Structure formats: structure tokens, C-alpha cells
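Here is a structure to read together.

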Amino acid sequence: MSTTTPTRPPAATNAVRQRPGDRIFKGVATASGLAILVILAGVAAFLLYQAYPALVAPAADIAGGEGFWKYTAELVFGTALSAALALVIGAPLGVGIALFITHYAPRKLAAPLGYVIDLLAAIPSIVYGLWGVFVFAPALVPIYAWLADNLGWLPLFAGPVSSGRTMLTAGLVLAVMILPVITALSREVFRQTPTLQQEAALALGATRWEMVKYAVIPYGKSGVVAASMLGLGRALGETMAVAAVLSVAGGVTFNLISTQNPGTIAANIALQFPESTGLGVNLLVATGLVLFVITFLVNFAARAIVARTSKG
Amino acid sequence: MKRSTLAAAALPAAVVLTLGLSSCAANEPGGSDAGSTDTASSAATELTGTLNGAGASSQQAAQQAWIAGATDASPDLQVNYDPQGSGAGRTQFLSGAVQFAGSDAYLKDDELTQAQTRCEGGNAIDIPAYVSPIAIAYNLEGVDDLKLSPETIAQIFDGKITTWNDPAIAADNAGVSLPATAINPVHRADESGTTANFTDYLSKASNGAWTYEPGQEWPAPGGEAAQGTSGVVAAIGATAGSIGYADESQAQDLGHVQVKVGDGFVGPTAEAAAKALDEATPASGRPAGDIALDINRTPSASDAYPVILVSYLIGCTSYADAADAANVKGYFTYVTSEAGQEAAASAAGSAPLSESLRTQITTSLESIQTS
């Protein structure tokens, strides 16, 4: 701001004297930027190096005796199912809360509500896990029993119901955990909707809902997608809460309300690592590598979606 | 601006530190009176330096009591125990990262071979240190007393018996009105020495009703899986009709099954566990000084409780460093002494080692030396 303006603006920009502050700040910023790449490469290299023995080991040596891909496939399925449940429940709820805060709530209520939602993000995941085990899961048992009795013909609700530590409970707990991410980001995007467009919509005789539908939501669409993908990333990688809440039996099933569930990659690592030795550790790291790749793919997909929607 | 932010950050940090320190201090009194007896102080005098161990989480509460007792007797000694699991503890011990390991299973044969390099030409020895009854705990309203035979327990955990009023259960519980509640068997989701001992009991005592291999990982399909001892206890408590297995000291709010031994039924108490330990036989093919025990799951004593876990301390017979050798020897001596066992009993509800076993252990520990 206080720098002297060069006399010949475009040509002389390179000739502007660099002060130490400029050089230091440039160096720090560049180093930070490079550090993240180095860290990422380091993690990838570690995962590959540690996972390699498990990737090339004969199938019979892998836990379960049917090889790495069979072992991992079940975990990938469980990870995807729990994260998808979380997203299906959490994303609409998060967007709804964001719209309520920005466009419907009285100002006195909106600010405190925003704080409360943000507070959800500050709760450690193990606390969610304990809450899930001791409070939420037992409370859901009567609902699951009702679902099994009345909707038992759907494979999703086949049951049998014995305790509340099911895939659906895990999905619900994850949904609560990703709420703050989705709500906070969506809220910021909706808040930035140009006031002129909103007022124009209202002036054309649109109701409040129509204004939200035609002016706010299209404007915030790419932001909402990005927010959901961040939430999905958190749900995919969530460890302690799932390890505590989900009762794992292995296998692949869409039955959401029994105690026989596929595990998730992150929770499985947390559960099995303490007693694993040798190839067992390599196997767990290899599943971690798979999760790393999945998270990358999700991020790329999110970027692709954001790029497409923001063009249109 | 900057100063106030710093102050704001420093305050919670200071609070956390104080809390951390005071919780450390809180561990001391329990062990200090146990450590003040003659055995401990004479065995643990002149120990200095740092002794690092890692291993079984089952020993965690007992290790805290032992560390408090041992360091009370020799204030210059610093003992650390990292309860990261038996497997991880044995690996760390074999790689030389820690001086001793705690493990729910004794060293395997190939680990014994590996240990000869780590132990400077000596051997690794397994010393039984922590004996604890595993309770088969249940949550069934109106039933305060439940007796089960090993065959019935095996069928329950295998999903063959599914309701509490099954004739097989009723046969052992005359006069008890059993509800028609569905049985929800709960097992460990993570690998565990508790699971290894429970499945070992089922496969040896159930006359063929349990067909799975015993091991650290739960082998049977079905049932609810829960993380850790506390997770199992919580899962049993949360669902009516549940039954599971957990360290007795951790499952005191739940009903405990009395298991059939011979013609009678025995519940999980420290005394009954000690009786079962008396009938354990030394494992075969072990090096001199190693006291690995095979537990008799069908004891002849009618008051022995066979569902027990024996957890070991693993050390070397020779260490390169003289201080390490002295520290391991001193610490192991204290742990297996009467005072050490009492400290563990009051902290973790474990069963005491017998005198004859202690004599054997003392002889073994004599062999620990500098290479």
C-alpha cells in the first residue's frame, strides 16, 4: 500500500525494489506450498512401502485366507455404505439448516444457531462414538424393531434386530458429524448470493420459496457440492466413532439394522492394529492405501462436478 | 494483540498440564503402601535409570500399581509401560526397543528363536505375572443366578441356542424362571488375549460343541461385536438378553455365569482362578527358566474356575547393559512378590500367584544377568 508507484506502470513492475519483507514472505509462502506436496508424497511413499508385502503376499497368508482384494472389498463396501448413508441424511439436513439460518430465521436466532452448529465440529469423534454406544443406539432399538416388523420385506430392513449398534446407527452418527462442515460452507455460499438478484426475484412477484429456488440455490449449487464432498471425505475417513458404534461381522450386506455388518477401512485399522504383527500390519496399511486412493478419487470427482456446475 | 492470544493459549495448556500431573500423582497412594513391605524394598533397592516395557492392555491397571510400588521403593527408577497390545509389545521387545514386554500369550517358537539375537545369546523367558478370571457376563432381568455347562455356552456363542428358555439352559437351572428373550451373544471386535483364552476354554471344555480354532480373533459368525473390554461390557448392559465375556474386574455390574466344572458350578472369583492356576501344566519344549503355562480347562478341583487369563512378563536372561539386567530382575521380582501381587489384586482384581509358582519364578529370575 505504501510502496511508491512506478512512473511507467507496466514495463517497470519488474524493476520495483524488493524489500526484505517481500522476499521473506514469498519464501515462507512458497515453502508452505511445497511442504504440503512433500508431506503428501511422504505419506503416499510410506503407504506404498509398508503396503507392498501385503499386496504381493500369497492369498492364503492374508487374514481370512482369500487374498488381499477379497479382504479389502468388504471393507471398501462398508466404508462406502456408511459414508453414503451419512451423506444422504446429512447433506439435505445441512443445506436445510444453512437456508434456515440465512433466509428464514430471525436474526436473533440465526447467529446462536450458527455457533451451535459450529460447536458440533469441535466435539471429538470418540465422544460421538461413546454417545452412539451408550445413548443413541439403545434409543433407536424400538424404531428398528418397528422397521423390521413393518418394512422387513425390504432387504434394507431385514433385521433381525438385537441391539442398536447397526450400520444405520453408524450412518446417522456420521451424518451428525458431517453436519457442521456442510452447514458452515453452504451458509457462507448462500449468504453471498447477490442481494440484487434476490430483491429482483421478490420484485417479480416470487414468494420467498421461489426466490430461494431460483436465486439462492442455483447460485450456491457448486458450493453445496463442494461442501458435501468435504463432508463425504470426513465420513469416509472417520475412525473412532465407527469403531465404537458399528458391530462388525464381515461380509457384504445391505441389511442396515442387524448387528452383522461389514466393517469400514479406518475403523478396522483402529480395531486390529494393536494386536497385529508382521504381515498383519502390512495388510492394514494396504487397506489404508486403498482409502487414500478412494479419498483422492472423491476429491477429483468433486472438482469435476464443481467445474461443470459453475460453467453452466 | 499477540500477547493476549498467547496468554489465552497458555492458560488452557497450563490447566491441562496441572490436570495431567495431578492424575499421575493420584496413582501413587494405592501402590505406595503395597511397596512399603520388606520384599519389595529389599528386591527393588538400588535400581536406577529407565525401564521401558510395552504390551498387553489387560495388564494396564496392574502395571500402574506395580510401577507405583516399584518406584516408591527405588525413587531413582523410572518405569514406563505402553499398553499397546500383546502382539505389538512382543514385536517391540524382540526388536530391542523395550526391555520387557507384557503379553497375554507366551512367546511362539519362532519368536523364541528370534529372541536369541535380541538377548545377546541368552533366551527370552515368559514369567506369569497377572492371572485374572474372565467373567461370562449376562444381562437378563429377574435372573440373578445362572448356571451353564461349557457345551451350552459354546452353543450360545455359536448361535445354535437362540432363546433364554431353551431346554439346554433350563436343564442346568432348575427353579429359575427363564424368559423367552432372544439371546444376543457379544464378542470382541478387536483381537484380544481375552478372546484367545475364552475360545481356548470353549474348545477344550465343551466336548466338541465348539468347532472353531481358538485364537485372538473371534472365529464364529453371528453375534454382536464390540470394541475392547469396556465396549463389550457396554453392549451387554445396553441390550436385554445379552451375554458376553470380559475381565471379571471390569464386569462387576452384570450377572456372572457359574460354569460347570465336574459336577458342580463355579463362579469367577480370584480364589477360584488361583485354584485353576494350580492345575496349569508347564508348556513343553521351552528353554530353561521359561515358565509358559498351559491352563487346564477341565480342572479336577471342584472349586476351580477354568476361564482364566494368564498374562506374562517377557524379559531376557541376559542384557548387554548391567543396569537393564538389574532393573528387569528387580522389577519382575517385585511384580511377582506377594506385595506386587497384592497391589495388582487391589488395583485390578487379579488372582494371586501360588507359592510354588513363585519359587519357580524366583529361580528363573536368578538367571537374568549381564552378557
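Q: What should I know before reading the model?

A: This is a predicted model: local features need pLDDT of at least 70, side-chain atom pairs count only at pLDDT 80 or more, and totals for chains, interfaces and linings use all residues. Residues are numbered from 1 along each chain as its sequence is written, while chains are lettered from A and ligands numbered from 1 in the order in which they are written.

Q: What does the model score overall, and what pLDDT does chain B average?

A: pLDDT is the predictor's confidence in each residue, from 0 to 100. Chain B averages 84, and 88% of its residues score at least 70. For the model, ipTM is 0.74 and pTM is 0.78.

Q: Where does pLDDT stay under 50 in chain B?

A: Over residues 1-44. Two residues are in contact if their C-beta atoms, placed from the backbone, lie within 7 Å. The model has 47 contacts beyond four places in sequence for this stretch.

Q: Which domains does chain B have?

A: Domain bounds come from an automatic or database domain assignment. For chain B that gives domain 1 (4-131 + 280-293 + 309-370) and domain 2 (134-275). Between them, 15 residues of domain 1 are in contact with eleven residues of domain 2. On the domain 1 side, β13 (308-316) and α12 (338-348) of chain B are the elements that give two or more residues.

Q: Which phi values are positive at B:Glu120 and B:Asn207?

A: Most residues other than glycine have a negative phi. Phi of B:Glu120 is near 55°, and phi of B:Asn207 is near 55°. B:Glu120 sits in the loop between α5 (109-118) and β4 (124-139) of chain B. B:Asn207 lies in the loop between α8 (193-205) and β7 (224-226) of chain B.

Q: Why is B:Glu120 classed as partly exposed, and B:Asn207 as exposed?

A: A residue is buried if 20 or more other C-beta atoms lie within 10 Å of its own, exposed if 12 or fewer, and partly exposed in between; C-beta atoms are placed from the backbone. B:Glu120 is partly exposed because it has 14 such atoms within 10 Å. B:Asn207 is exposed because it has 11 within 10 Å.

Technical notes:
Helix = DSSP H or I, 4+ residues; strand = E, 2+ residues; numbered from the N terminus.
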